Amino acid sequence: MVRNSFRLIILVGLLVIFSTLVWSFNGNNELNSLAQFYTQQENIEAVNAANLVSAVVVTYRGFDTLGEVTILFLTASIIGFFLKKKLSDTQRKEVRESSDILVTASKILVPVMILFGVYVIINGHLTPGGGFQGGAIIASAMVLALLANPHMKFNHQLFNVLESISGVSFVLMGIAGIVYAGGFLDNRILPGGEVGTLISAGAIPLIYIFIGLKVGSELSNIVGNLQVTQNEQ
Amino acid sequence: MEYISMITGFLLVLLGLWGVLTQKNIIKIIIGFSIFDTGLHIVLVSIAYLRGGTAPVIDKAVKVTEAIEKVVDPVPHALVLTAIVIGLGVTALMLVYALKLYQNKKTLEVQSFNDLKW
């Protein structure tokens with residue numbers, strides 16, 4: 001009873017706080033000064049990315065993104081450590097065969113999903129999307145393939161190599177920004193091109209490709225680790 | 001428009017917190033955390049909204065010269081992108097911990113994990 005009233009007090013208190021927040025929010029009629037800096041013409045033309053969110057994520061706040069990628073890497077490593085495959089002979093749990101509909105559909109859908117993921121990664125500086133989203137789409141294609149074929153073997157070695165190489169390249173691109181341009185992760189190390197074309201925005205497409213590879217292989221690794229554990233029980 | 005999404009977001013936060021505080025099953029607690037997360041993302045995006053604004057992407061509809069008057073604030077969008085990825089990592093970790101707890105005790109009820117209770 002005491003515990004329940006505590007919960008009620010916490011929830012009602014938060015409700016009061018939130019309602020005052022909503023009450024005092026008046027909506028925006030113009031951008032604040034920080035957003036005006038990011039959206040004024042000379043800064044758009046300096047970065048040359050049509051997707052302003054990508055410009056913020058990869059260039060202005062690229063260091064944040066590096067931290068984010070590190071956190072994802074840390075998560076994948078911890079999960080791999082926890083679900084390490086036991087060395088004893090693996091007695092496989094009998095998994096029911098997947099239905100024909102799922103198997104057939106996955107044969108058609110998995111390549112299309114991977115292609116769509118690649119499309120989202122490559123167009124990250126032009127349209128809504130980018131490395132994280134495309135990587136997640138590729139990983140969900142892996143999940144579908146795994147659902148259709150529960151005994152599929154993942155090549156963890158390949159994923160690990162891919163992930164390490166793309167992570168190192170990401171940091172090297174950042175350091176190249178210090179040497180050849182204005183600072184860490186500056187995208188002007190490559191020619192800017194014209195706003196809105198596929199080859200533009202300097203280093204942003206390259207960095208997004210590395211992020212996409214890294215995120216895709218990390219998430220696929222997590223899924224593969226979970227699959228190994230499921231087969232062991 | 002922004003009020004609807006902001007109120008929805010805050011209600012989702014409260015709903016998720018209620019789930020975390022009252023549920024007994026670990027999987028349900030994790031679902032509560034996810035709903036909490038989603039609510040916060042919706043609130044952040046609603047703060048970014050500008051009346052009459054459009055998505056911060058330069059194309060035929062939004063010229064480079066007039067972007068400053070037409071687009072919404074891109075910064076909260078970038079922050080939400082970060083927050084979604086971190087939320088994914090946290091959820092995956094919580095699910096793996098739940099898996100390990102289940103392997104130890106063969107149950108997911110939170111009351112049965114009382115080894116450190118005194």
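**Reading a helix in its chain**

Visitor: Which residues are buried in α2(B)?
Guide: Buried means under 20% relative accessible area, with exposed over 50% and partly exposed in between (1.4 Å probe, protein chains only). In α2(B), that gives B:Ile26, B:Ile29, B:Ile30, B:Gly32, B:Gly39, B:His41, B:Val43, B:Ser46 and B:Ala48. A caution: this is a predicted model, where local features need pLDDT of at least 70, side-chain atom pairs count only at pLDDT 80 or more, and totals for chains, interfaces and linings use all residues. Residues are numbered from 1 along each chain as its sequence is written, chains are lettered from A and ligands numbered from 1 in the order in which they are written, and side-chain values use heavy atoms, leaving out hydrogens and water.

Visitor: What do the buried residues of α2(B) pack against?
Guide: Contact means heavy atoms within 4.5 Å. Here the partners are α1 (2–22) and α4 (74–105) of chain B.

Visitor: How many helices does chain B have?
Guide: Helices (H or I, at least four residues) and strands (E, at least two) are DSSP runs, numbered from the N terminus. Chain B has four helices and zero strands. Its radius of gyration, over C-alpha atoms, is 20 Å, well over the 13 Å from the globule rule for 118 residues (2.2 Å times the number of residues to the power 0.38), so chain B is more spread out than a compact globule. Its C-alpha atoms fill a box of roughly 65 × 25 × 20 Å along the principal axes.

Visitor: What share of chain B is buried?
Guide: Buried residues are 37% of the 118.
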